[in-house]
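Hello,

I am passing a structure on to you, together with some notes on what was found in it. Please look through the structure first and then read the notes beside it.

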Amino acid sequence: MTVEQFLYYEARLLDTQRYEEWLELFTDDATYWVPLEQNQKDAFETSSIIHDDRTLLELRVKQARHPRAHARQPLARTVHQVGNIMAEEGAGEVKVTSTLQLVEFRNEKQRLYGALVEHRLRRVNGGFRIAHKRVDLVNSEGELDGITVLF
Amino acid sequence: MAANEELAMLVQPDRVHRSVYADPAVFELEMERIFGRAWLMLGHESQVKAPGEYFTTRMGREPVVVIRKNEKEIAILINRCAHRGSMVCTEGRGNIERFVCPYHGWSYDRAGALQAVPFASGYEKEKLRELRLKAVPRAATYRGFIFASLSPQGEDLQAFLGPARASLDDFVDRAPGGELEVAGGVFKHAYNGNWKLMLENHLDGAHPAWVHASSVAVARTAPEPGRPGEEHYYDIAVRQMRQNGAPESVWEATGIWTTPRGHGYMGDYHDDARLVAGLGNPAFEEYRAILAREHGEEKADRILRVTLWNTILYPNASFMSQFRQLRLIQPIAVDRSVVYTYSFRMKNAPARLFRDTIAFSNVVNGTASWVLTDDLEVYERIQRGFASGAMEWAYIGRGAGRDVAEPGATRGATGTSEVFIRGQMRAWLDYMTK
């Protein structure tokens, strides 16, 4: 599978609400980070919109499935449009940068997010696993309504 | 809208008319009579330490700049050029020598005085001497927290705060040396709902089991908190989410108070001492020892004992001193509100305690968190419900008739009493009709 195909596959899982399968794309030691500030360096001394290890990411998906998850049920419909994919081979990992445009529809409200995305992918059994995913929203420092989508 | 008699009919002992939340004309009056008069919390002195350091915020809908104008004084200026009305500062924070208007280049010093005007010969000198960035009529601080009022008259800040001063004291006293600073970024979240809905929610002990049912359930499946020294970074937040599912008896045993100005505060509702105290945690023990060296063992214990939980300063502030979280609300429209969430670092405490604050902020109060998102969803549903005229009234009668008068405050009969909403509504009536 190429890097491009992998990113498209990841987006497809999210857009078809196969969140549990999406989780399986991540390594056990993965981090999933949506910084609050532009060019944020640190996730422990500065707040983040999302800063999850694998455990928290699983809890995030579990919450989305809970029947009384008021802000998440019914689930939002989404389109993850992935573009500008560039891959750079590193030691044991492939660093991939891309752009994301995400359209969300829920509660009679349509929203558009834009983000610069970085994946660090590990080769596992002829495919990839995500060791690190960073999503820098263009408006991360703006006044944002509550966010319940997965980027 | 609206004679005072009509306004007075909107709030009754155990019910509130939907127009209080949904009528744009009522909202306009609120901006004038509540946000135009009350003391509003704007932030903390640590945000403007060095001369020239500033941050921008809103007082109600008024854009303001809070700036350290010299070593001793802070200026709070309306962020609007005296000439043609452009905002002179659009950055959230920074350090500046002069504000220069982008339209015609008028410049103002840190105190708001007009410094230079291009094409100056075209203006009457007398007129230019009158023009400046308007300073907010009244400003004051309480233990490092910055307050301001858009009205030149009114009671002083101490009287306004009343017994709620104890909550701010609790916030500051927990920090060794009283040294607190805003740190770790500012969450700015928004919702399509009235500003009062947030203030009414933060002291509502009957809502977590329902609104937060999904995060309670998820947190119960989270890994158990690590042993002392081996905690997960998010343990503090998982504990809080679990505690939101505490049995009714715990919530009912909690204290809830309201003051004549509409402020309110909760007593402790936690049965898990480790949530707050982190007993056995080496970093917490170090923190406790620092406080004990400063105050003695007995006073240190008294400071760390949790007697005050969420506090609301009506009409714009909400904070949790144990987690060092402050939220300030800015009403934008009758059905739109913006909230800035600040985290505080205790400068002389072990670094781990600030990491706990950040983890708590991310997981509980953050824009994409497990907890806040469900609150925002409910605010929006309430707003949509109140848009309908088919039912006129909202009921605020939980515990009504059983309130207990205490010195300076009224206490709810049980922890889930809506006494604090009735208190906020009494204050609302005072501001709106007197």
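A residue is called buried if 20 or more other C-beta atoms lie within 10 Å of its own, exposed if 12 or fewer do, and partly exposed in between, with the C-beta atoms placed from the backbone. Helices (H or I, at least four residues) and strands (E, at least two) are DSSP runs, numbered from the N terminus. This is a predicted model, in which local features need pLDDT of at least 70 and side-chain atom pairs count only at pLDDT 80 or more, while totals for chains, interfaces and linings use all residues. Residues are numbered from 1 along each chain as its sequence is written, and chains are lettered from A and ligands numbered from 1 in the order in which they are written.

I begin with helix α3 of chain B, residues 24–33, where V26(B), F27(B) and E30(B) are buried. Seen down the axis of α3(B), these buried residues fall within an arc of 100 degrees (the arc of the directions from the helix axis to the C-beta atoms), so they line one face of the helix. On the other side of α3(B), P24(B) and A25(B) are exposed. The cover over the buried residues of α3(B) includes α2 (19–22) and β18 (325–333) of chain B.

Next comes the place where the two chains touch, with two residues taken to be in contact if their C-beta atoms, placed from the backbone, lie within 7 Å. The contact takes 28 residues from chain A and 35 residues from chain B. On the side of chain A, α3(A) gives the most, with five residues. Helix α9 of chain B, residues 213–220, has S214(B), S215(B), V216(B), V218(B) and A219(B) buried, and the buried residues of α9(B) pack against α3 (54–65) of chain A as well as α10 (235–243) and α16 (372–386) of chain B.

The strands come last, and two of them pair if DSSP finds at least two bridges between them. Between the chains, β7(A) is joined by two bridges to strand β13 (residues 180–191) of chain B, and these strands run parallel; here L144(A) stands opposite H189(B) in β13(B). Within chain B, three strands form an open sheet in the order β1-β2-β20, with antiparallel pairing, and its edge strands, β1 (11–12) and β20 (393–395), each pair on one side only. Three bridges join strand β2 (residues 15–17) to β20(B), and V16(B) has A394(B) as its bridge partner in β20(B).

With best wishes
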